[in-house]
Structures are given as C-alpha cells and as structure tokens.
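Keep the picture open while you read.

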Amino acid sequence: MSTLTEAEKRKLLRERRQKKFANGGASSRLNKITGQSDSHLNTDSPLDNPKNEPVLESVPVAKSAPIAETNEVEQPQTTTESENDPQVQLLKQLASMQNEGADSTPDLFSLLGSMQKGADGKEGVDPVMEAPVDPVLLNYHNYLVNRLKAWTILLKWIILLPYLYVITRGAETNICPSSGPLGNLCDPSNFFMVFTSFEIVATSVYYQKLQTIEKNNKVNTLDSNSKIIKIVSMVPEGLLPITNIKGKVVLLMQYWDVLSVFIGDVCLVLIAFGLLKAL
Amino acid sequence: MNFKRPSTHSRMSEYTMENWVLCAAIVFVVAGKVLQYTSAHHEAWVGRLTQGATPAYKAYAAKLHEQKTLQEENHSISAQDNYARWTKNNRKLDKLAGEVKELRAQVLSQQGQGRKLLKNSRLLLLTLPFLGLKLWKGKEIVYYLPSSRLFPHLLNGTWHQGWLFLAMYPLKLVLSRVNSVYDVSFVTEKLTVFSGPAVGVSLGIWLWALTSVLASIEFVVNTLVLGEKLEDPVKAAKKQ
C-alpha cells in the first residue's frame, strides 16, 4: 500500500464509496442509528422518558449500554436518583420519629410537637407571624383597628359623662336618692371602684373585638406595626441574658396599651370635673 | 399646707388660679394645636418669607426663564439647517445649566435658613415660654375636685402636687419609719407632701390631662369623621 501514491489512494477510496452507494449501503449506517436494521444500539430518546424529572422514584429508568451517546442521558437520571434517595431517607426518618414517639411515650403533646416539626419545619412556632403581610391588607387591618379604638373611646365617654354629671351635681339636682343601689352609685367614695370596673369590662370587650379582627385578617397588630417589636425581633437570642425577649416586650406593650387607655379616661374625668365646675 | 379656699358666689370663681395664668396656658395650647394643623403650609410660609424679594431668587428665576426660551428656540430650529446658531445656543445652554445649578443651591440654602428661622421662632415664642409658665405656676391649683373620696390617696396627691408626689410619697414613708429610730425631722419638714382634706388639680396635671383629651378627640374625629373608608381587599379581589 505504501507504494501507491496519494492520488491513487484517493481514487481507490472514491471507487469504493461509489460502489457502496450503488449497493445502497449508505443508508446502512443511518438505519443502524435509527434502529431500522438489526442493530444493538439503544434507540430510547431522553425526551420520550418522563422519569428524567426529579421525583421520588428509585426505579431504574433505562438499561445501560456502553455507548457514548447514551451516557449523557444516563447521568441526569442517576443524579436524580441520588437526590431522591436523601429525600426518601428523610421521610423514612420522620416516619420512624413519629413511630418512636408513639411507642415510647403516649404523650399527645410530644406527638403534636413532632408532627408539627415534620409538617411545618421551621415555621412550626408561629406560621402566621413569620409570613410577610401584604401592605394593602395591613392598611385595611389598621383602618379597622383604628375604627374600633375610636368607637370604643366614643362610647366609653358617652357613658362616663352622664355618670360624672351625676357625681358632681347629683346632690344639688336631687337625681340621687340617699339610699339604694342608685344612691351607692352616686356616692363619691364608690366612684373609683365603679370607674375601674367599667374600664375593665370595656377593655375586655375591646380586646375580644380586636382578636376577632386579627383572626379574620390573620394579622398581628403589634408585630406588624410596632417599630420596637421589629427592632427587638432582630436581636439574636443569646445576646442578652433574657429568654424570649420578643414575647416579653410584646406582653409589656400590651399592658402599656391597656394602661394608656385607662389613663386617657382618667384625664377625661379630670377635665370633665373642671368643666362641670365652670358651667 | 397653704391653699386658697374656693369662693362660692359664682362658678367661674371656683377656679382658684389667677385668670391671666389660665388664659395664657390656654393660648399656648391653642397656638400649639394651630401650628400642628398648619404644618403642611409651613413650607409655603417659609418660601414667601425668604424667597419673594431676595436677589438670589430673582436671578435664579431670570436664568431659568432664559434657559427655557433658549431650549424652545433650539427645539424649533433644525440642527442641520442652522448649525451655527444651534451650536451657539447649545453652548449657551450648557453655560446656563451650570449657573442655574449654582443659583439653585443658593436658593435652597436660603430656604434652609428660613426653615431654621421658623423653628427657632417657634421655640422662642411658644415652647420656651410655655415651659417657663409650667415650671413657674405648675404647682398652683386650677380647681378643686368635688370630693376627696373620689380617688385613692396616691392619685389625690398626684393631682394636687404633680408627678413629684409619686417620688416623694414613698420617700416620706421611708423617712417616717426612720424617724421613729433616728431623728430626721429636719428632712421631713422640708418635704411638703400632700395630706390635706381638699384635693385640687394643679396646672401641670391639668395641662397634661387637657392635651391628652384633645389628642383623643382628634383621633376620634380623624378616624370616624374625616378618615377615608377602605374596602376589604379580599372581597374586592373576589368581585373582580
């Protein structure tokens, strides 16, 4: 063969090619790939196979053949299998945790706690509070809360003012009898007790209505609005020697809310006494 | 403890305080509220006070006008047909832009000075005199409550003597205990703590109560009367 020149080699190859085409042998290679002739090549396409998506399946997808073209198709399938395995393992672990909880201690609370951990993950503590609130909904919620507060103040004052009139002018205008329940009501010594009881009842009704609104809108008023709570919630847990600092601050703010309402009404009482003296 | 007894012949004279003190206090409160409600107009007042006649503002307005006319002229002529004029205008516009920027900075600094002036005048004419009045006449009684049995002793003392009572009362209790062992009467004599039969409302407490009541009334009126009605966003989305 080395004795042949380049031109002669090329001529030889050309002749062989022409013969092959004449015999119809050109399509043999193509047929081998598409599987129309008897071929050992794997003709499965990755597009035909829906099992290539990352789902929890450990069933082997395709028969592996040592052909280069199919290796690329194989690799994503093997990686999904490897991904699926940890997920399957996690679910198995959770199931075993639940079973252990049921077997070792028949405690409802530990069951609920483990179920919640499995189901919610990190959001187990306060799912409503962790999710960011839609600003439009928050606006509407604040509008409702402000209206409730305003109506509460107005109604309380409408009830308090006649009572204050009776306390100051009751003796002069003969509204108050000297004895009996109405007489006790008009007695100045009972004023603070009556006033405080009324405040307690009014505040309880207000807080009940506030909780209904919060439940309907799924918004926590203090959490969403208070800048102090936002700052405190950013403080990491171990920084100060106080546990659950956010919860304690929320409690303090709620108590202060109640106290400020009470103080507001006491201010009205003082001003009303002054006005009733002048008029 | 010395306090004035209320006279009985007219209702207004039930106020034990001198009239001018009460009137001045009311005037200060009203002025404060007026300033609070007109805060939106403060910028306009500052503008009128400082900008109207100042040369810097006039020059700024003139340059701005010149810039505007040149820009209009440049837009009206074609850059290709009147190239020379167009480029000349362009160069002028660039120069004017620099001058306008400088003058604007001057005008803004003047505005800042005007705002500062308004703030200082508010401090001098309203805040400080009001504070002075409260410190000077704060302990005087405005009127007496109908009965001393209305509130518990702690609150009675606070209305009569002010917030200081809340600090002095426990101290007096401690000192009276100490006095039974050691003689500390030289200290207790100086501590005048309310213990009298008639309970009055001191000016400081009355002003605090008045501002609190006014704020509550404002809140109620703003929320119920003046506030705009909002629709439930969930229901509004469902309707759409």
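Among contacts in chain B between residues at least 6 apart in sequence, what percentage join residues at least 24 apart? For chain B, that figure is 75%. Before going further, keep in mind that this is a predicted model.

The model as a whole scores ipTM 0.72 and pTM 0.62. Chain B has a mean pLDDT of 81, and 88% of its residues reach 70 or more. Within chain B, helix α7 (residues 185-188) has the lowest mean pLDDT of the elements, at 68, while α8(B) has the highest, at 92.

## Meet the two chains

Chain A is a run of helices: eleven of them, with zero strands. Buried residues make up 8% of its 279 residues. If you take the contacts in chain A between residues at least 6 apart in sequence, 52% of them join residues at least 24 apart.

Chain B brings in some strands. It has nine helices and two strands, and along the sequence they come in the order α-α-α-α-β-α-α-α-β-α-α. Of its 240 residues, 12% count as buried.

## A stretch with a label

Here's something that comes from a record. UniProt, in an unreviewed entry, lists residues 255-276 of chain A as a "transmembrane region". In the model, the chain over residues 255-276 of chain A is 100% helix and 0% strand.

## Where the chains touch

Now for the meeting place. On one side there are 27 residues of chain B, in contact with 26 residues of chain A. The elements giving two or more residues to chain B's side are β1 (141-144) and α8 (203-226) of chain B. The largest share of that side comes from α8(B), with ten residues. Sorted by class, chain B's side has 19 nonpolar, four polar and four charged residues.

A:Arg147 is in helix α6 of chain A, and it touches B:Thr223 and B:Leu224, leaving aside residues up to four places away in sequence. Is A:Arg147 buried, exposed or partly exposed? It has 16 other C-beta atoms within 10 Å, so it counts as partly exposed.

## A closer look at α8(B)

How do you check that a helix has the length you'd expect? At 1.5 Å a residue, the 24 residues of α8(B) should span 34 Å; the end C-alpha atoms are 32 Å apart, so the two agree. Several residues of α8(B) are buried, including B:Leu203, B:Ile205, B:Trp206 and B:Ala209.

The largest nonpolar core has 26 residues. The ones touching the most other members are A:Val269, A:Leu270, A:Phe273, B:Val142, B:Leu145, B:Val201 and B:Trp206. From chain A, the elements giving two or more residues to this core are α6 (135-173), α8 (191-217) and α11 (245-278); from chain B, they are β1 and α8. Which element gives the largest share of this core? That's α11(A), with six residues.

How values were computed. Residues numbered from 1 in each chain as written. Chains lettered and ligands numbered in written order. Predicted model: local features only at pLDDT ≥ 70, side-chain atom pairs only at ≥ 80, totals over all residues. Contact = placed C-beta atoms within 7 Å. Helix = DSSP H or I, 4+ residues; strand = E, 2+ residues; numbered from the N terminus. Nonpolar A, V, L, I, M, F, W, Y, C, P; charged D, E, K, R; others polar. Core = buried A, V, L, I, M, F, W, Y, C linked by C-beta atoms within 7 Å. Buried ≥ 20, exposed ≤ 12 C-beta atoms within 10 Å, placed from the backbone. UniProt positions renumbered as here; feature names shortened; annotations may be inferred. Expected span 1.5 Å × (residues − 1). pLDDT = per-residue confidence, 0-100.
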